[in-house]
Amino acid sequence: MLAYIIGVVLFALGICVSVALHEAGHMLTAKAFGMKVRRYFVGFGPTVFSWRRGETEYGLKWIPLGGFCDIAGMTALDEVTPDEAPRAMWRFKTWKRTVVMSAGSITHFILGFVVLYLMAVTMGLPNLAAAEPVQPVLASTSCAVSTTTKEQAENSTCPPGAPTPAKTAGLQAGDKVLAVGGKPVASWNEMLTAVQATSGRTVFEVQRGNQQLWLVVDVPKVQRWSPSGVKDVGMIGASPEPPSVTTQYGPVAAIGATVSFTGTMFAETAQRLIEFPERIPAVVTAIFGGERDPNTPVSVVGASRIGGEAVEQGIWVLFFFLLASLNFFIGVFNLLPLLPLDGGHIAVVWYERVRDWIRARRGKAAAGPVDYTKLSGITMVLVLIGGAVTLLTVTADIVNPIRIGP
């Protein structure tokens with residue numbers, strides 16, 4: 001239980017640090033361009049302590065659920081003092097404002113990449129090859145018995161006197177099957193299909209170290225349960241070697257591996273965002289007692305619980321992988337062109353730029369900053385929708401959380 005609590009706290013702390021650095025990305029780029037940053041605080045609520053350095057107040061607040069960076073004149077509606085007016089953010093060039101507003105997401109991407117790189121050179125990255133066909137290499141031999149129900153199929157014990165075709169024929173752990181009955185096989189599934197389609201004395205071509213062997217296996221026909229029904233199939237009683245869970249890299253090779261893995265994670269993140277709306281009904285179902293789909297969205301609470309379970313079970317690879325994944329997700333989500341997200345502000349900035357370019361082509365003067373009050377209705381609707389989704393996911397993660405074990 002203590003390990004679980006430590007895991008939850010560590011994961012929550014990791015999220016807080018990520019969000020704090022997100023705001024630091026805004027602050028540092030704004031300062032670099034000469035914008036005035038009034039305040040940079042970690043957390044929300046009452047102030048624990050603060051100090052002033054130069055023109056910026058830094059501090060910590062009691063509720064460690066994020067932070068904020070107060071840049072003078074982020075929009076033309078923001079009140080600024082006369083001395084702040086020349087350095088108001090909305091007065092700066094479009095590309096500079098874009099850099100500042102996207103700096104938070106870029107920070108998340110950098111954090112995710114750093115976490116994955118450190119994983120690559122220490123504990124290893126999750127092996128993408130695990131999703132590829134399993135090689136036809138034996139891990140162990142067992143028996144061939146009939147199973148007519150799901151419960152029997154899930155029971156791996158061998159009854160006394162059960163036939164052991166593979167072991168009796170001399171097949172051993174580590175043997176790689178090259179062909180079954182003269183038919184070449186390249187994966188475990190191909191070998192399984194070939195075995196199930198045959199019976200009686202069958203020649204197996206096997207690679208054992210530097211030796212190439214031909215072993216005769218007496219393949220019996222047994223009844224095997226599957227979701228599609230019970231069928232008579234050939235069976236030799238053997239299990240495959242599972243693919244490695246992770247792959248570790250040297251410091252140089254880890255750079256390329258991390259770049260490739262990051263690309264895969266970006267693609268998966270985009271796919272999850274596309275599927276996000278259609279998964280919300282499953283979250284509602286889970287709240288009212290339905291089975292929780294492990295692919296449904298999770299909140300910070302749910303992610304922290306999974307992180308706690310990962311630490312409790314010693315699966316640190318999952319802990320850090322989840323932390324990197326969350327950084328990528330937050331970074332991409334924050335760039336969606338919706339207010340009040342940073343992506344929404346970027347969309348407004350570029351709308352102004354394109355609009356004024358078109359007006360200039362027509363010989364007209366620039367129209368000035370967008371009036372955010374006209375967008376307040378849309379913004380409020382999006383805030384309410386976001387709040388409702390957050391409430392749903394948090395509730396589901398409390399009453400029916402996703403677990404990584406039984």
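Asn400 is buried, with a relative accessible area of 18%; the term buried denotes a value under 20%, exposed one over 50%, and partly exposed anything in between, computed with a 1.4 Å probe on protein chains only. The model is a predicted one, in which local features need pLDDT of at least 70 and side-chain atom pairs count only at pLDDT 80 or more, while totals for chains, interfaces and linings use all residues. Residues are numbered from 1 along each chain as its sequence is written, and side-chain values use heavy atoms, with hydrogens and water left out.

Asn400 lies in the segment after helix H10 (376-399); helices (H or I, at least four residues) and strands (E, at least two) are DSSP runs, numbered from the N terminus. Its side chain reaches the backbone oxygen of Ala286 at 3.1 Å. Such a polar contact is a pair of N or O atoms within 3.5 Å; within protein, one must be able to donate a hydrogen and the other to accept it, and residues adjacent in sequence count only if both atoms are side-chain atoms. Not counting residues up to four places away in sequence, Asn400 touches Ala286, Gly290, Glu291, Arg292 and Thr395, where contact means heavy atoms within 4.5 Å.

Arg292 is located in the loop between H6 and H7. Arg292 is buried as well, with a relative accessible area of 8%. The side chain of Arg292 reaches the backbone oxygen of Asn400 at 2.9 Å and the backbone oxygen of Pro297 at 3.0 Å. Apart from neighbours within four places in sequence, the contacts of Arg292 include Ala286, Asp397 and Ile402.

**Helix packing**

Axes are lines fitted to C-alpha atoms, for helices over the stretch in contact, and angles run from 0 to 180 degrees between N-to-C directions.

| Pair | Angle | Axes |
|---|---|---|
| H2 (residues 94-121) and H9 (residues 342-361) | about 175° | 9 Å apart |
| H2 and H6 (residues 253-287) | roughly 130° | within 9 Å |
| H1 (residues 2-33) and H7 (residues 300-312) | about 135° | 7 Å apart |

H2 is roughly antiparallel to H9. Angles under 35 degrees count as roughly parallel, over 145 as roughly antiparallel, 65 to 115 as roughly perpendicular and the rest as oblique. The contact draws on residues including Thr94 and Met101 of H2 and Trp350 and Arg353 of H9. By class, this contact of H2 with H9 has 4 nonpolar, 4 polar and 4 charged residues; Ala, Val, Leu, Ile, Met, Phe, Trp, Tyr, Cys and Pro count as nonpolar, Asp, Glu, Lys and Arg as charged, and the others, Gly among them, as polar.

H2 is oblique to H6. Among the residues that meet are Phe109 and Phe113 in H2 and Phe261 and Met265 in H6. The contact of H2 with H6 divides into 12 nonpolar, 2 polar and no charged residues.

H1 and H7 are likewise oblique to each other. Gly7 and Phe11 in H1 are among the residues that meet H7, where Gly307 and Gly308 are among the partners. The contact of H1 with H7 comprises 9 nonpolar, 4 polar and 3 charged residues.

**Gly174**

Gly174 is placed in the loop between helix H4 (165-169) and strand S5 (176-180). With 39% relative accessibility, Gly174 counts as partly exposed. Beyond neighbours within four places in sequence, Gly174 is in contact with Val137, Leu138, Gln207 and Glu241.
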